[in-house]
Amino acid sequence: MTQTKNGGSSRPIPRRPRVRHGLVIVNTGEGKGKTTAALGVIFRAWGRDFQIRMFQFIKHTGARFGEQRAAQKLNIPIESLGDGFTWLSKDMDRTEALAVEQWHRCKDAILEGKEDIIVLDEFTYALHYGWVPVVDAVDTLQRRPDDLHVIITGRYAPQELIDCADLVTEMKLIKHPYEEKGIRAQQGIEF
Ligand code: ATP
Ligand code: MG
């Protein structure tokens, strides 16, 4: 059924958003806010009834941070596949295998194009560490449907990804409460 503005004969409001220019958006850099900015777009797009899907690399499978809790309430799928990799990770082969598996899921979703926005959170690490070939990522992005937005976050975005993107933002670290005052990550701010 078509929605109308005042329930009467005014102009019909389309139920599905009309995405015209699908963008490749990259949030990179040393400062905080890369994932938060992607979540901000998701929040905005959700308000426009976009179909949204978010894939998280690195973060533990089944992570229950604030964003996963909110997404569940808003019915936005966030799929995390990782082992919480840090530079202290012991089993790098497993970390890499999980990233490659997650990439194959992302690739299928990007080429299938069922969603309006797909977010690949922390994907740049998979490229930076050579787990996923940059040419494969760039080729997939170039072959995606014209109206699909893809947002990629994480530090060390490779130049080839920056070259193929439409919108690239570098978060610049000026102050961080951990470095300034030793204040650790907090609920609602970091997770
Ligand atoms: P956010 O998810 O908060 O938007 P981000 O995606 O930009 O952050 P990541 O590189 O994913 O940042 O970093 C993950 C966490 O590391 C963040 O919660 C952030 O607060 C923390 N962090 C970032 N920079 C620093 C720093 N200089 N010192 C300590 N912790 C940091
Ligand atoms: Mg992040």
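Here's a quick briefing on ligand 1 and the pocket around it. This is a predicted model, so to speak of local features takes pLDDT of at least 70 and side-chain atom pairs count only at pLDDT 80 or more, while totals for chains, interfaces and linings use all residues. Residues are numbered from 1 along each chain as its sequence is written, chains are lettered from A and ligands numbered from 1 in written order, and side-chain values use heavy atoms, with hydrogens and water left out.

**Around ligand 1**

- The shell holds 14 residues, and Lys32, Gly33, Lys34, Thr36 and Glu179 come nearest (near: a heavy atom within 4 Å).
- By class, six of the shell residues are charged, five polar and three nonpolar (nonpolar: Ala, Val, Leu, Ile, Met, Phe, Trp, Tyr, Cys and Pro; charged: Asp, Glu, Lys and Arg; polar: the others, Gly among them).
- Helix H1 (34-47) and helix H7 (177-181) each put in at least two shell residues, and H1 has the largest share with three (helices: DSSP runs of H or I, at least four residues, numbered from the N terminus).

**Polar contacts**

- A backbone N or O atom of Gly33 sits 2.8 Å from an oxygen atom of ligand 1 (polar contact: a pair of N or O atoms within 3.5 Å).
- His176 brings a polar side-chain atom to 2.9 Å from a ligand 1 oxygen.
- For Gly31, a polar backbone atom is 3.4 Å from an oxygen of ligand 1.
- The protein covers 78% of the 600 Å² of accessible area that ligand 1 has on its own (Shrake-Rupley method, 1.4 Å probe).

**The pocket**

- Ligand 1 takes up space in the largest pocket (more than half of its atoms lie within 2 Å of the grid points).
- That pocket has a volume of about 1600 Å³ (pocket: an open set of points on a 1 Å grid over the protein atoms alone, where a 1.4 Å probe fits, with protein on both sides within 12 Å along at least five of seven lines; volume: the space filled by probe spheres set on the points).
- Of its 36 lining residues, Lys59, Glu122, Tyr125, Arg155 and Glu190 are closest to the centre (lining: an atom within 4 Å of a point).
- H1, helix H2 (66-74) and H7 each give two or more lining residues, with H1 giving the largest share, five.
- The lining divides into 15 nonpolar, 11 polar and 10 charged residues.

Notes
Polar contact = N/O pair within 3.5 Å; in protein donor to acceptor, adjacent residues only side chain to side chain.
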